[in-house]
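Morning, everyone. I will go through one model, starting with the overall fold and then moving to a single helix and its surroundings.

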Amino acid sequence: MSASDDAAWMRRAIALAATHVGLTGDNPSVGSVIVRDGAVVGEGVTGEGGRPHAEEIALDQAGEAARGATAYVTLEPCAERSTGAASCSERLVAAGVVRVVVACEDASALAGGRGARRLKGAGVDFDLGLLREEAAALYVGYRPQPQR
């Protein structure tokens, strides 16, 4: 993919996230777009009240088409879920996504660099910071939970 393609897909993820700002409870509104062979195979935004997570929705839509795909996500995928369910970083790895492009880091206790480390440790190509300034506007009011 070219840099302009990456920016276009991330802008789509940002647009999705913008639709649920203020509707996701304590969770941030995240957008996720999964692209394979130049076409969207799944996309999602954090559900109202904070569940399900954007990556879950996008991966469910993509199904087997996620294998070998690139995921564009506005905020670092979680490494742990407060519910004990599989985290978004675990689900991305299990789905066979080969590249994850993230706009902003997540300082929460459930992500805080751990999602990125899990993805990298599994051999997923991980890019951080694409359109960070544009996506950061989504998270002005987001206050992550303190580290445990």
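Along the sequence, the order of elements is α-β-β-α-β-α-β-α-β-α. That is 5 helices and 5 strands, taken as DSSP runs numbered from the N terminus, with helices being H or I of at least four residues and strands E of at least two. Before going on: this is a predicted model, in which local features need pLDDT of at least 70 and side-chain atom pairs count only at pLDDT 80 or more, while totals for chains, interfaces and linings use all residues. Residues are numbered from 1 along each chain as its sequence is written, and side-chain values use heavy atoms, with hydrogens and water left out.

Overall dimensions next. The C-alpha trace spans about 40 × 30 × 25 Å along its principal axes. Of the 148 residues, 48% count as buried, meaning under 20% relative accessible area with a 1.4 Å probe, protein chains only. Taking contact as heavy atoms within 4.5 Å, and counting contacts between residues at least 6 apart in sequence, 74% join residues at least 24 apart.

Now helix 2. Its buried residues are Ala54, Glu55, Glu56, Ala58, Leu59 and Ala62. What do these buried residues pack against? They pack against strand 1 (31-36), strand 2 (39-45), strand 3 (70-75) and helix 3.

Let me take the helix 3 side of that. Helix 2 contributes Glu55, Glu56, Leu59 and Asp60 to the contact, and helix 3 contributes Cys88, Arg91, Leu92 and Ala95. By class, the contact residues are 4 nonpolar, no polar and 4 charged; nonpolar covers Ala, Val, Leu, Ile, Met, Phe, Trp, Tyr, Cys and Pro, charged covers Asp, Glu, Lys and Arg, and the others, Gly among them, are polar.

Last, the end of the helix. Glutamine 61 lies in helix 2. Glutamine 61 and glycine 42 are 19 residues apart in sequence, yet 4.8 Å apart in space, C-alpha to C-alpha. Neighbours within four places in sequence aside, glutamine 61 is in contact with Val41, Gly42 and Glu43. Just after helix 2, glycine 63 has a positive phi of about 55°.

Definitions and conventions:
Buried means under 20% relative accessible area, exposed over 50%, partly exposed in between (1.4 Å probe, protein chains only).
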